[in-house]
Amino acid sequence: MRLWRTLLPALMSALAIAVAMFPVAATAETPDAALAKLIEDARAEASAPGACAQPNLDRLVRIFCENRIRPGVREYYPLFGTREGETRSGYDIDVARALAKHLGVEPAFVRVNAATRIPLLAEDRIDVILATMGHNTQRDGQARFIRPHYYQSESIIVGPRALAVKDWPDIAGRTVCVTIGNGSNAQIVSHNARLMLFDEAGVLPGQLKDETCTLAAQDDSFFDYYFIEPAFAARFDKKFGFAQVPWGMAVARAGSSERLARTLDLMSQIFHRDGIFLEIARANRVGTGFLERQQAVWKQPQCNTDTGSANSACVLPALNADLQPTPFVGRVVAFEKWFKARTGVELSLPMLKTMPAWSLFKDGIVNSLILVAGALAATLLFALVLGAVQSSRMILLRWPARAMTIILQSSPVVLTLVIAAAVAHALFPYSSAVAIGAAIVALGLMNGSNAGQAIAEAMHTLRAERGSAQGAGGIPTRELFGRAVSRSATQIVSFLINAAKGTPIASFIGAPELLSALTDITSFASGRATTYSLLLIFYVVVVVIVVWLCGRLQVWLERRQAAA
Amino acid sequence: MMGKPVSAEFISELLAGMVVNFEIAAIALAVGLALGALLALARLGGGVLGAVAASLIGLMRAAPTFVVMFFLLNIIPRDATLFGVGVAPSGIMIVALSLVPYSASYVADNGAEALKQLRAGSPLGALQFLPNVTRAFFVLVMSSSAGAAIGVTEGIAVILREAVLLPSLGDKLVLFAIGILFFGITLQAGFALMRLLQRRLGQRALRD
């Protein structure tokens, strides 16, 4: 007992010292208490006389002054934000309502879309974005994202059930319909798929249904709604998912928004922990996997504190969407500004600003030039071979070559390219080189067969004119063939030019030439008008050079004929 | 023999798709005739206007159809309006317009030649313009298959969407052969028509 009396004051002193030394541990609050205090303080400020009339009013205080919060929401994003007349519904809408209810104010919804949501926030026309917005590092500089994230989506590839596509290797060489600016496009491109670009996600299901698109990529949250339709679900399924991105509510990056941001951080924490997000998701029939995992996280003691939203062990990182800039990006931007100042025309050169785009652009130019050179060489080669075979006196050689020419003439260029690609891919695994090779062979065959026919016709007329052949006291066949080539110079040149003009169509079978490269670049960058204008200039210049070179060839061939 | 049969609607869809090919070719030729005639007249007129027309014709000859198609697709905003009226072209119209540089330059070249013949007192030589235009029309029908790349449901797009569901190369090749047959018959019929036209003109020349 005496010992106890002696130890008690000592223990009390030690406890007092510990409390004084570790105040954070001693004063750690629950998120509920921290939230209640924030709201109480802001309400008190709002109720002070004249407080609401002050300039640069804190945004949380203003919400209480006006007794409303202005969430920016979408109106045409099924299951998340839709509007029919005056009735709004969806997961985002119900989350906004739950936030407003917790604050004790009314929600005053403002329509936003993907392009307007951040500008409207910056212009102070909305208080918070609740509009299916993925949180990536690029957007971190434009808005203050609320942590923890209130939802997570991933991009999914959707296609007909009968189509055997399970993973990335299966989409190489296929066309995938995507929306311009979707962050996951770069990833699809890196797996050798071709992109068909659309401005709005809303058109993708229709494009799948009418079979314009065989595969489409978009957020799973977007396709959730369509998979509820029995007819859609019976025809299409999810092939695989990729590029998970957390969705964030966001407020303006202004200092006056910091208390509002902190309030929403705490509310988001509590909504996860208490399953409020989960309930709203179930009510709106959206996927709940992410929310279930998050509920488990936010129930953990180390996360369920007022500082949990700043704890990297509890919150998810933003998706890293920053593309490495080129070393000369500064000069490119300066040039764009100079050009605009001088001409008033907004020039955008995305292919010169980031390393992935620059790399695609360089490869595209090189591949285009290889393709043009290859197509010209193949056309000339097939013209000479098919011309010689069609000029043969042996019917077994002549007729198959003629039949082949008729078939090639009867096949539209796109179909011939697709056939060449199908055969090439059956023989070799998919690669850019195989696609370029298949395109060169197809373009060479198509144009070479026509030029070869012209050579054979010239050979026929020469034989008729001379009435002789080798062994009959006339000109040797080899020399006669040379004269036939010279005589059909105009036709050969015409089909050589045609082959050069046809090379961009190789992008249809996945050859990574310049058109294909620029389509890929514009799928994740801006500046479509400039990009496609430059593309047109590039190909016109290339064809003009080919026309000039072919003109020289024609002159040489005609001189040769004249000499003969 | 195909391992997996094509869908029951395939042939009817293919024919409907080929109608789109003809539609595209008709629009491209109609616009090409109007533009090409103006260019031909300007070129024959000589002077600065003639030089400009010749340069334009040269540029149009050099413009690859496929690139022009993507250029038009990306340069014209989806919500473009003129005096409050929406002018954003449909997919079919974009393909047709992309073929106009070819058709207009072809018409300008052949039209100028026909006008020369006419001025030289050879109306029959000038009439050769008609079979040449017929040839251009069928080239345009075949070239309109480029529309498959931008989602236009023409004949080749129908074949390709069917092919994607076929598992083996053999099945696909049979399907492609059907496509070539359909397009081939059309093309050869077109060329037969052109030859008939040329023969009729020749007979008329002999009579005169």
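Modeller: Happy to start with a term: two strands pair if DSSP finds at least two bridges between them, strands being DSSP runs of E with at least two residues, and helices runs of H or I with at least four, numbered from the N terminus. This is a predicted model, where local features need pLDDT of at least 70, side-chain atom pairs count only at pLDDT 80 or more, and totals for chains, interfaces and linings use all residues. Residues are numbered from 1 along each chain as its sequence is written, with chains lettered from A and ligands numbered from 1 in the order in which they are written.

Biologist: Thanks! Which are the edge strands of the open sheet in chain A?

Modeller: That sheet has three strands in the order S3-S4-S5, with antiparallel pairing. Two bridges join S3(A) to S4(A), residues 81–84. Pairing on one side only marks the edge strands, S3 (76–77) and S5 (87–89) of chain A.

Biologist: Are H16(A) and H22(A) roughly parallel or roughly antiparallel to each other?

Modeller: The axes (lines fitted to C-alpha atoms over the stretch in contact, with angles from 0 to 180 degrees between N-to-C directions) come within 7 Å and cross at roughly 165°. Angles under 35 degrees count as roughly parallel, over 145 as roughly antiparallel, 65 to 115 as roughly perpendicular and the rest as oblique. H16(A) and H22(A) are therefore roughly antiparallel.

Biologist: Which helix gives the largest share of the side of chain B that touches chain A?

Modeller: Counting C-beta atoms, placed from the backbone, within 7 Å as contact, 35 residues of chain B meet 38 of chain A. Helices supplying at least two residues each include H2 (47–62) and H3 (65–75) of chain B. The largest share, nine residues, comes from H8(B).

How values were computed:
Two residues are in contact if their C-beta atoms, placed from the backbone, lie within 7 Å.
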